[in-house]
Amino acid sequence: EYNITRPKGYTVSYHFNPDMEPHHFGLTHPMKPFRLTLTKSLVTAYGMNFAMDNYNTRIATYQELNSFHTSDYLDYLHMAPPEEMPRDIDNPDKEVKFNLGGSDCPLFHGLYDYCSMSAGSSLDAARKICNKQSDIAIAWGGGLHHAKKSEASGFCYINDIVLAILQLLRCYPRVLYIDIDVHHGDGVEEAFYSTDRVMTCSFHKFAPDVFFPGTGGLDDNGPKSEHNPGAHHAINVPLNDGITDEQYGHLFQSIIGKINEKFRPSVIALQCGADSLAGDRLGRFNLQVQGHGACAKFCKTFGIPMIMFGGGGYTPRNVARAWAYETSVAIDIDEKINKIIPDHTPWRKHFVQEELFPSLEQILGDPRVNRNSQKRLQEIIQHVHEQLRFVNA
Ligand code: ZLM
Ligand code: CA
Ligand code: ZN
């Protein structure tokens, strides 16, 4: 028995489009749009919807997508026949050029609608922040950070984050983009590489073994020319397998804390990719829901407006857990929720067979070996602090 009330002094909005769920990348493709519905169910099961403004979001228009993406790319995305249909013999090289089709970015039925819905959610979230009608706007259907202006990449076709940040730049002087997906946020970094109004900071798995997309080394800090305003405005935090909550939390607070001090962002765009959680099908880290959520909690302490996007996350039940927990952080009931969850497993008593209802430990699997030395993490912090010496907002 508990009451969920609206947070005092600020507004949280939740932007969701139920029509994203029926879209399919293919049965065995790791990206599962139903994780968004799973998240929403968990959020409403805990009554969190009563503490927020809930919006069923609209579809982004062609013109809106065109504010970042090129017309030739959008036109092809719009008309490309699904995989199972005969290929268009008049456009044999377009799919190669735009990286459409194939296993990472398949052409599935309703693809253009799915992309416009994801972008629509993120744009709605950005507009609510611009209008001051929301202080924390949540768009779990967005966060597709790899898409380029004329190219699909890594399960991403339309870069809803870039579109949302372009919207924020109309009303705020400086935007801080933070990316805790296990992959490098290359598309967003590239889009704002030459401006000092957006600082991007991605934490991701990087080398020594190959890991997608392969960019985002410690020395990638923006254009090398000091005459380019974007110099020193790209921050990258390359990590190795098995990083823990404790290490990640320390890195995050010392890096983001320093960025906040030097860059003085007016608004934060936080990509909350859940593939950085332990037990993710594609990820390599050992973060727990609490450690992942601690990043959102820390950002919230700056007291500036924030958009929270989704992103990766390939073990749907863990994605739903993380994003529901992060929703509870946004509305300030995370401590309450933590007390409720342990008591909310009544079915466990009734089912003796563990295989039917695995324990959390079984779900998460064995932790990965931690290959991040304290020494290396200290070097990373040192390097970032040196970069930030050049930044004065
Ligand atoms: N092969 N099926 C993260 C985007 C990661 C590129 C190596 C494809 C997969 C993966 C697709 C069913 C975000 C690469 C991989 C096999 C070339 C990636 C389809 C399994 C499957 O079983 C699969 C037939 C598929 C794709 C694994 N792809 C794992 N990793 C990466 C892209 C996106 O989380 O950051 C944001 C949403 N692609 O490594 C290959 C080089 C394609
Ligand atoms: Ca990242
Ligand atoms: Zn990812």
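How many bridges join strand S4 to strand S7? Five bridges join strand S4 (residues 175-179) to strand S7 (residues 267-271), and the two strands run parallel. The views below come from a predicted model, in which local features need pLDDT of at least 70, side-chain atom pairs count only at pLDDT 80 or more, and totals for chains, interfaces and linings use all residues. Residues are numbered from 1 along each chain as its sequence is written, while chains are lettered from A and ligands numbered from 1 in the order in which they are written.

**View 1. The open sheet has eight strands.** Their order is S2-S1-S3-S8-S7-S4-S5-S6, with parallel pairing (two strands pair if DSSP finds at least two bridges between them). Strand S2 (53-56) and strand S6 (234-239) form the edges, each pairing on one side only. From one strand to the next, the twist averages 15°. Asp179 stands opposite Gln271 in S7. Strands (E, at least two residues) and helices (H or I, at least four) are DSSP runs numbered from the N terminus.

**View 2. Helices H6 and H8 lie across strands of the sheet.** Helix H6 (residues 160-168) lies across S4, strand S5 (198-205), S7 and strand S8 (306-309), and runs at about 175° to S7. Helix H8 (residues 245-263) lies across S4, S5 and S6, running at about 170° to S5. Axes are lines fitted to C-alpha atoms, for helices over the stretch in contact, and angles run from 0 to 180 degrees between N-to-C directions.

**View 3. Helix H9 packs with H8.** Their axes are 9 Å apart, at an angle of about 15°. H8 and H9 are therefore roughly parallel to each other (angles under 35 degrees). Asp245, Tyr248, Gly249, Phe252, Gln253 and Ile256 in H8 meet Gln290, Gly291, Ala294, Cys295, Phe298 and Cys299 in H9 (C-beta atoms, placed from the backbone, within 7 Å).

**View 4. Helix H9 also meets helix H10.** The axes of H9 (residues 289-300) and H10 (residues 316-330) come within 9 Å and cross at roughly 30°. That makes H9 roughly parallel to H10. Residues of H9 including Ala296 meet residues of H10, among them Glu326.

**View 5. Met308 has contacts from several parts of the sequence.** Leaving aside neighbours within four places in sequence, Met308 is in contact with Ile136, Ile138, Leu270, Cys272, Ala296, Glu326 and Ala330.

Key: Two residues are in contact if their C-beta atoms, placed from the backbone, lie within 7 Å. Angles under 35 degrees count as roughly parallel, over 145 as roughly antiparallel, 65 to 115 as roughly perpendicular and the rest as oblique.
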